[in-house]
Amino acid sequence: MKIKNIITIVVFAVFIFGMSVLCVAKPADEFSLSERRQLASFPKLSVDTVKSGEFMSGFETYTAERFPMRDTFRGYKAWFSANVFRKLDNNGIFVADGHISKIDSDMNEEMMDYAAQRFLNINNKYLKNKNIKLFFAPVPDKNFILAPKNGYPSLDYKAFIDKMRQKTDYMQFIDITGLLDAEDYYTTDTHWRQEKITDIAEKLGAEMGVDVSAGYVENTLENPFYGVYTGQLAIPFKADTIKYLTNDTLNNCTVTYYDMGKPVTGEMYNMEKAMGKDPYEMFLSGTMPLITIENPDAKTDKELYLFRDSFGSSIAPLFAEGYKKITVIDIRYVQSDFLGALVEFKENSDALFLYSTTLLNNSMAMR
Amino acid sequence: MLFSSITFLYYFLPCVILLYFAAPKALKNTVLLLFSLVFYAWGEPRYVFLMIATVLVCYVLGILVEKTRGRFLSKVFLCLALLFCLGALGYFKYADFFIANFNKVTGLGVPLLKIALPIGISFYTFQILSYVIDVYRGDVKAQKNPLTLATYVALFPQLIAGPIVRYCDVEKQLTDRSHSIDKVSVGIRRFIMGLSKKILLANTLGELCVAFNASDEKSVMFYWLFVIAYMLQIYFDFSGYSDMAIGLGKIFGFDFLENFNYPFISRSASEFWRRWHMSLGSWFRDYVYIPMGGNRVNKLRFFINIFTVWFLTGFWHGAEWNFIVWGLYFAVFLLVEKFFLVKKLEKSRVLSRIYTLLIVAVSFAIFSGNSLTEALTNAGGLFGVGTDFSVTADFLYNLRSYGVVVLIAIIASTPLPKLIKEKLEGNNVFKTVWGIIEIPLLLGLLILSTAYLADGAFNPFLYFRF
């Protein structure tokens, strides 16, 4: 018994003191690749921050987030939770039908109103007087297929979309839910697969009165794609493969990126980003406030203003066939009040508001 | 600071253990005191001075009470100590409750003070009161060393969530305690068991309670699932904290009394309270109930005594009417049991347990509310008041998702695992296997608990009201 007690003390002393030394000497990196987010920094130490308790709460977050081998520990937790406690989700992340998804069950009417208000402002300020035809197409999260089928709580997508439709009744609503299947989304990510949404692009085009149908060559990215949910799941999961579509029209298009500084002409598919932290950002270079896609071979002079979130990045190229110019606008990264200075809205064009239900339900980032 | 935090486990604990065991005997209490003050100030920088002031006042008054023992002045000094300690508790914890109710009754608009409640004030106030009262009674000698008294009050293992350690129980240990490999080893095991109870079971059950509160589909069955989860959450959280306190106490050479003893196997409400938060129950028994005459009085006075004690027990848990109702609810059952049920409950082990679990479940529904209305809604929901018996999607999902945890928690809340282990200990094969796997199992629990903390999983602190 004595020996066992000594072993107990030695084992726990080694573990506690060892981890303690590691915590101080080798905290986890500042950026979590698996969670794709910046982790907490060491809090500011001052009399004021100590008095207010800000230092202490910051330190608690810092020590938890920068704990050595945090991803390994998160993996242990996820495994235990799923396999011993048999919990159906881990921090809201679940696996069903070979997909990783996130529980998304609360409708946030305030956020929906906010998004609708932003759209209305844009319409009143730039579109209304130019005889621009307005279209609204919400993109449901893959949960709308996976959750009900597998008994997970989920947003009432039908009610959500109906409400958004009512709030944007000055636009022509386009229902794409019937065309979407679980296979149309990446298994490890929230986004849809470009190679699976050509039918959606065609439907949207048809509703807007343009023919965007075309033949494409399917290209496969060599490196594996671990989507945003892989890291959140915290246990190993089979990677996705990114496929992207090309054809002569797309190859001949001129893509111009308007970020900070001068506009830059670039590629439709950013191969540098394809090899980066989030390969989905290869589509129109990921987060960009303003992009134009000009098709020199277009059969019409029509222009499209695509107000979008990240779902728009992969579908925007598929509209190139039917438009002379597509202006892709992300009002999360550009103040919509200043759009007039950056975009010249042309008479008789089309404007499509294409947003995921996830963003519409959490629209605070729209500006 | 919380025991269930990376900061405590991997920053605070190694430092305090290192310095404590490196310090000579004469400085051990000083090390403990300094670290205890840091531990408290970590969550309450301002209120550490209130705790120090309470210690100093009671230190002086304790000596004066002893010096004047047998004289009227002794009573005066005791009253001053009570006034100071209960005054501080009343001001910080109950002032807004009284003002709000005063406003409701009179229709006036006296502004609320909105004072943040000093963490652990109910625990350390009761601890120091036990000291002064015991000095007055002559049960213990007044402590002449203010640092020793401060160490007793501020001792971090039991400072913020109990158990309520009486001065008389640790008086000798404060100045002369032994440390041994066996004791430290037992302390480590106890601490890890408590940590796992809190992090793995209580916090996971807490997630279910949060899901219930957020749900719009609260059917009768969901109310029951919630109340079962809530009972178990509170039990594993509270008893987990007590285990950690007892374990840490052992590491530093103290022997704290037990605080929980499988309360859910009780066969009556009175037995439940002999097994649940035992340090609080015995405190009220020895410092309120017995001085009021206990049960050696006439029936009316006995009723008054019981209702007073349980009113205070409820009120101690929080400055809301639902806690008072919760306390009085138990008073009613204790009286009913004493006068009508005691013999009937002895007849059937099964029925008496079902009866106890039922009344305890309803009591926790009352306890779970943030207001009396919410408490009554939760209690009513168990019986279909304001809801229906439908099987909702939310209920089904949460039952499927948390069913195993609830089941594990139910089994772990009974002495069954302990009994099985004790039975198997006679078997040599089991003894050998257990001898080999016990340490890896405990290490596994510590790693898992750490994993939950590093993941930033749900980790509530339930004692902010106490």
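Guide: Gladly! A polar contact here is a pair of N or O atoms within 3.5 Å, and within protein one of them must be able to donate a hydrogen and the other to accept it. Please keep in mind that this is a predicted model.

Visitor: With that rule, how many residue pairs are in polar contact between chain A and chain B?
Guide: Both residues of a pair must have pLDDT 80 or more to be counted. Between chain A and chain B, the count comes to 18.

Visitor: Which element supplies the largest share of the side of chain A that touches chain B?
Guide: Helix 1 (2-25), helix 2 (47-52), helix 3 (54-65) and helix 4 (70-83) of chain A each supply at least two residues of that side. With 16 residues, the largest share comes from helix 1 of chain A.

Visitor: How much area is buried between chain A and chain B?
Guide: The contact draws 45 residues from chain A and 47 residues from chain B. Carbon and sulfur atoms give 70% of the buried area, which is about 4300 Å².

Visitor: Which side chain meets K4(A) in a salt bridge?
Guide: Four salt bridges are found across the interface of chain A and chain B. In one of them, at 2.3 Å from N to O, K4(A) pairs with E438(B).

Visitor: Is V385(B) buried or exposed?
Guide: V385(B) sits in the loop between helix 16 (372-381) and helix 17 (393-412) of chain B. Together with V350(B), L351(B), I354(B), L358(B) and F383(B), V385(B) forms a nonpolar surface patch. Because its relative accessibility is 56%, V385(B) counts as exposed.

Terms used. Residues numbered from 1 in each chain as written. Chains lettered and ligands numbered in written order. Heavy atoms only, no water. Patch = residues over 30% accessible without salt bridge, like charges linked within 9 Å, V, L, I, M, F, W, Y side chains within 5 Å. Areas by Shrake-Rupley, 256 points an atom, 1.4 Å probe, with all protein chains shown as cover. Helix = DSSP H or I, 4+ residues; strand = E, 2+ residues; numbered from the N terminus. Buried < 20%, exposed > 50% of the residue type's maximum accessible area, 1.4 Å probe, protein only. Contact = heavy atoms within 4.5 Å. Buried area = accessible area lost by both parts, 1.4 Å probe. Polar contact = N/O pair within 3.5 Å; in protein donor to acceptor, adjacent residues only side chain to side chain.
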